[in-house]
Every structure is written in C-alpha cells, then in structure tokens.
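Subject: Structure for you, with notes on its salt bridges

Hi,

Here is the structure I promised to pass on. Have a look at it first, and then read on for what turned up.

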Amino acid sequence: MFATVSDQLLTWYDAHARALPWRVGPGEAQPDDPAWPYRVWLSEVMLQQTTVAAVKPYFKAFTQRWPTVFDLAAASEDDVMAAWAGLGYYSRARNLVKCAKVVAELGAFPATEDELRKLPGLGAYTAAAIAAIAFGEHAIVVDANVERVVARLFALDEPLPAARKAIRERTNSITPENRAGDFAQAMMDLGSQICTTRAPRCLLCPLSGDCAGRKTGEPETLPVKPPKKAKPERRGTAYWIEREGKVWLVTRAGTGMLGGMRALPDDGWSAQADGSGKPPMAGETTDLGAVRHSFTHAHLTLQVVRIEGQGTPAGEGVWWPLDELDGAGLPTLYAKAARLALA
DNA sequence: AAAGCGTGGGA
DNA sequence: TTCCCAAGCTT
C-alpha cells in the first residue's frame, strides 16, 4: 500500500499535534462553538510573524476579555491597542478592530477564502488558513513553514521569492480534499517541530521517505533565501517628565513606527534618524541613561532624559499615574525606557 | 514591488 | 554579543 504524503502527515498529526488554546482540546472551545471562527481569526492574526509562545498569553487575555467578535467590535480602539502592547506589528491591532466592526455588521465571518481576503489585515495566507481551519474549505495554505517543508520535500532550489509559484503548485498537489485545515496545521507543526530552519530532525519526520531534499544530503540549505540587508543604526531621545506621581505620555501618530501606541514624548527619532528634534518643554535636564532596542529594519539607541520644568508640555498628552503604568499599554521600547527612569 | 513594520528566544 | 527569524500585511 502506498500512503499519500497527506495521509502520512495527518496520521502523524493525529498522534503529535501540539495542544494549543485555539485548537480542539480539553478545556478549549470546540468547532461547534459560535465563536470558533472568531478564535481562529484572532489566533491567525496574532500568529502573523509571531511565535506561538508569545501569542498564547495574549490570545487567552483577548478571548477572556472579548469572548466574541461582537464584544471586540464594541471595544474602544484604545483598549485594544493597549491590550496588544508588547506583541508588536501594531497595525495588526488597528486592523483587528476594523475587521471586527465589519464582521459584526455582516453578522458573522464570511465563510469563503475570497470573501475573507477582503477583510482588513487578512492577506493570502491568513484568508486561506481561516477558510481551511474554520470552515473546512479546500484552500491552499502557504506560510513560511509550508514554504520550507515543500521546498525540501521536492528539493526546490530556486531562490525565494521567485520560488513561491512552484511552491504553491506543489502545495496544491499534496493538499487533501478533506481535512485541509488539519493538513495546514500539520504542515506548520511539522515545520516548527521537525522540519526546522537550521537542523531538521529528519529521523523523526513522517515524510522523510518521500523527501527529495533529504536525499540531497543537505536539506537545511532549502529553501534558498536572498541575502539580507544590514540594519541601520538610529539614535533618539525620549523625555521623562514626572510630576506628583504622574508621567507625561503621548499617543503616537496613527501610522508608521509604533503607530497609534501610547509612548513617552520624544525628539522625533523615528522620523529623523539622527534624533535632532526638540524636547516638548523647557527645563532642567538629567540624563537617565539609554536603552537599546532592535526593530525589524533598524537598531535604536534611545537616550532617556528627565526634564523638570513648569506648566504643561507642548502637544497632546496625558498625565498618567505611575502606579498604573502597566495599564498604559506602552510598547516594549517605551516600557524599557520607563523601567530605566524608575530604576 | 521593495520597503516598512516589533518582539523575544534560540544558536 | 550578535544574528536570525516566527502561522505576513500594506503601501
């Protein structure tokens, strides 16, 4: 008997699937739960470019606070942004609110890949994943894990991103008619647990017998990726203005770096790479030190400077109680800066 | 269509 | 320490 690739993978998945809060399992929501598509959607958006370990606590907090898409649609954007703080890629949180409102207005999540693809924050991958996992559609789900597994399985040595067309065709060729959602998740589990980037565990792989990449002797070299660019160094200054147990916080512009997030006032480092902007008020300054932070596309050294001055700082802002700073929803960069100032 | 957009963990 | 990168999307 000749089991297909998908049969072998699904058999492996039935025995080795990771227990995750957004999957079927003891104590978790089941597919017949009315909020099932909501939970699949929420988890998929959170998982974009983000590790499972990082997502788990956020997923639990969100689903506890906003159990349905209607609850989320009714939430204030500020609350959602603050709840997302620390998870990164904050445009996801803005699109999350937009999407929830659209879905609430529709009355339910659309059930097809094509319709899902039109929602804010849902690209090719996420629309296909939700269609397959939440609605059982025979969708072709391709993420970075699938790219890696498929490139190795078929020994595709064309470099990314040009290889994506062939990868998609090959993925289509092995996606089963039934259980497309389980198949997608199985591919991702395999990619993250077995067919890993650096040192694939081929001895544990249910597909090793069919893997052309393994036969080459160096599957870890696939897929071939383009060289990366060096990250530029940036410098900037953030200001710590404290008065009567409160600190002055601003909300960053809606788009761009840390867009829409609460923050310490700064010198415009994200717009001016040399951090040549001005402080928000005059006064005596004290250098509190610097924090290092790396973004996807740049490294930053952020100087933290205390200002002791009179009156209200320039621009919009709020005096935020220091004993409630955890609830301010500061992204990690500014949480680091605050930690330094309070040390 | 190339570039911008966060973060934390592993090697 | 430094680099790489993880269930991508948007413009």
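Are Asp189 and Arg23 buried or exposed? Both Asp189 and Arg23 are buried. Please keep in mind that this is a predicted model.

These two residues also pair up: the side chains of Asp189 and Arg23 form a salt bridge, with 2.8 Å from N to O. The partners come from distant parts of the chain, 166 residues apart. Asp189 sits in helix α11 (residues 180-193), while Arg23 is in the loop between α1 (5-16) and α2 (36-46).

A second pair to look at is Glu147 and Arg164, whose side chains meet in a salt bridge at 2.4 Å, N to O. This one joins helix α9 (residues 144-153), which holds Glu147, to helix α10 (residues 164-174), which holds Arg164, across 17 residues. Glu147 has a relative accessibility of 10%, so Glu147 counts as buried. Arg164, with a relative accessible area of 42%, is partly exposed.

Then there is Asp266, which makes a salt bridge with Arg252; their closest N and O atoms are 3.1 Å apart. Because Asp266 lies in the loop between β4 (262-263) and β5 (284-294) and Arg252 in the loop between β3 (246-251) and β4, the pair ties together parts that are 14 residues apart in sequence. Asp266 and Arg252 are both buried.

Salt bridges also link Asp14, Arg179 and Asp182 into a network. In total, the count comes to 12 salt bridges.

Notes. Residues are numbered from 1 along each chain as its sequence is written. Chains are lettered from A and ligands numbered from 1 in the order in which they are written. This is a predicted model: local features need pLDDT of at least 70, side-chain atom pairs count only at pLDDT 80 or more; totals for chains, interfaces and linings use all residues. Side-chain values use heavy atoms; hydrogens and water are left out. A salt bridge is a side-chain nitrogen of Lys or Arg within 4 Å of a carboxyl oxygen of Asp or Glu. Helices (H or I, at least four residues) and strands (E, at least two) are DSSP runs, numbered from the N terminus. Buried means under 20% relative accessible area, exposed over 50%, partly exposed in between (1.4 Å probe, protein chains only).
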